Amino acid sequence: MALSRDEVEHIADLAKLGLTAEEVETFREQLSAILDYAAILQRLDTDAIPPTASVLPLRNVMRADEAAPALPQADALANAPSIEDGYFQVKAILE
Amino acid sequence: MKLHELTIHEALRLLERREISAVELTRAVLHRIADVDNDIKAYLSLTPESALEEARRADELRRAGNQGALLGIPMAIKDVLCLAGVPTTCGSRILASFVPPYDATVVARLRQAGVVFLGKTNTDEFAMGSSTENSGFFTTHNPWDLTRVPGGSSGGSAAAVCADETLGALGTDTGGSVRQPAALCGVVGIRPTYGLVSRYGLVAFASSLDQAGALGKDVTDCALLLNAIAGHDARDSTSVDVPVPDCRRSLGQGVKGLRIGVPREYFGAGTQPGVEAAVRQAIQVLEGLGAVVGETSLPHTEYALPVYYLIAPAEASANLARYDGVKYGLSATQAPDIWEAYRRTRQEGFGAEVKRRIMLGTYALSAGYYDAYYRKAQKVRTLIRQDFDQAFQRFDVLLGPTSPTVAFKIGERTADPLQMYLADVFTLSQSLAGICALSLPCGLADGLPVGLQISGPAFGEETVLQVAYTYEQATDWHTRKPQIKEGHS
């Protein structure tokens, strides 16, 4: 499965990874090789096999809707690069 | 008596008899770290002052009659597990400055049991790797041969236990990252059943596969550690509400009549002859002790690698989307807009293997490819689980090598990602199936440790530990230690 440059750049954009031209080429080769290898899965007939999303039988694990002590705001903000008035500050997404 | 050479259970006995103090024990281990860690580089960060304070407190509590299960025992914690107030970097530059405001549940449970925390151990970045060479900071060296890798991703923890730089350690295992470094360093490592141990505070790599595990100098120590950390946690909705057995209880019961399966797929081409020989010898020892051994098959073993390297990166691509420089970590604040800020933050902060896996995962999940890759892998995952279900109808445990080779040289496999991935061929399946597995030393090949892997059915930890303990007590591999030159750097 040979990936094209465009495909690699598209994936990088989806993942918001800024890659250099050299990285795009290296990853193009490496990812193509790995995906080629992964193609052996196509040998198996899995039409009647259900997919495994989780090995556990647990579904919809809920708790009672009761308030309990939570992480203090100061702690939650302590590692942030930029804060203002108790908010995480980010660059604008809308002008 | 060199205190740093003690096992956890030996140290507990001496502490209980007041023959040593927790402070003496901690000082001895810190001294050992100072002597050898410049060469081994197992630790990313050390917390000697707080460790000595915790040790003092442990001595006080013991004098006052407190019976904490691990009171005064020094431990090392892999740097993907949160230890409150201490940097948790996950081996990544993107989190170089991150200080968690809370303990991971497994860490909190150890704290409650009276553990003394020595520091955080080195790891492949975000636990992605099999050699600890992907650490964003430096690589760890195998104490048996400093030119070789300790395995990964819990290489720092395994090397620290091996070199007596700690009495025990926590690691994490997603595709083998506790078991494989345990094998390469000649220590014991256990990967619990998925859901037995809480993942709260374990920085997520692949959520359906990650599990915290224990590394120790012998099987008894691993049983003690598992006792301390296992159990339901309301903060982890994937933790299972089952009663946790006393993992020590069954240790001495022997293996008479126990059915041991040997999957044929775990031997042959690709496995180093010395590794195969040591493992087959170990199986004979168990047969001699009364176990009933039979050959079996796990027919989908060869598909575990492509399944894992689609599912794990897919989950990782989602889990690592949070590293955007907004709430914590590296942040490219000089960028002109938010999208460029994201791109640059992640470009600068992530290493090559992490980027590679994020890309692989993003691709496998993307429109047009989801069915052919991710969904297909999930279906084959079901087939792998079924292989184990069937094998466990006829056998109590399955045995084989943990790793196809002994420790390889630093730099030997870094040029080709697929070559590195092949290190995991025997450990991926158990993770995919969510069952438990343990590695313990069973010999040397070319002077380097060989690990025997014992796999058990889900929640079958007691049986796995029982088989491991029986083998261990009938041999002396667990007493073999590497010669490490002290005090030179």
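At what angle do helix 9 of chain B and helix 11 of chain B pack, and how far apart are their axes? In this predicted model, the angle between the two helices is about 100 degrees and the axes lie 7 Å apart. Helix 9 of chain B is therefore roughly perpendicular to helix 11 of chain B, since angles of 65 to 115 degrees fall in that class. Helix 9 of chain B contributes residues including Tyr309(B), Leu310(B) and Pro313(B), and helix 11 of chain B contributes, among others, Arg357(B), Ile358(B) and Leu360(B). By class, the residues of this contact are nine nonpolar, three polar and two charged.

The contact between the chains involves 41 residues of chain A and 54 residues of chain B. On the side of chain B that touches chain A, at least two residues each come from helix 9, helix 10 (338-349), helix 11, helix 12 (371-394) and helix 13 (417-421) of chain B. Helix 12 of chain B supplies the largest share, eleven residues. This side of chain B comprises 28 nonpolar, 14 polar and twelve charged residues.

Chain B also contains an open, mixed sheet of eleven strands, ordered 1-3-2-4-6-5-10-11-9-7-8. Strand 1 (43-46) and strand 8 (292-296) of chain B form its edges, and neighbouring strands are turned by 30 degrees against each other on average, direction ignored. Strand 7 (residues 259-263) of chain B runs parallel to strand 8 of chain B, joined by five bridges; Val262(B) stands opposite Glu295(B). Helix 8 (residues 273-288) of chain B lies across strands including strand 7 and strand 8 of chain B, at about 110 degrees to strand 10 of chain B.

How values were computed
Residues numbered from 1 in each chain as written. Chains lettered and ligands numbered in written order. Predicted model: local features only at pLDDT ≥ 70, side-chain atom pairs only at ≥ 80, totals over all residues. Contact = placed C-beta atoms within 7 Å. Helix = DSSP H or I, 4+ residues; strand = E, 2+ residues; numbered from the N terminus. Nonpolar A, V, L, I, M, F, W, Y, C, P; charged D, E, K, R; others polar. Axes fitted to C-alpha atoms, helices over the stretch in contact; angles between N-to-C directions. Parallel < 35°, antiparallel > 145°, perpendicular 65-115°, else oblique. Pairing = 2+ DSSP bridges.
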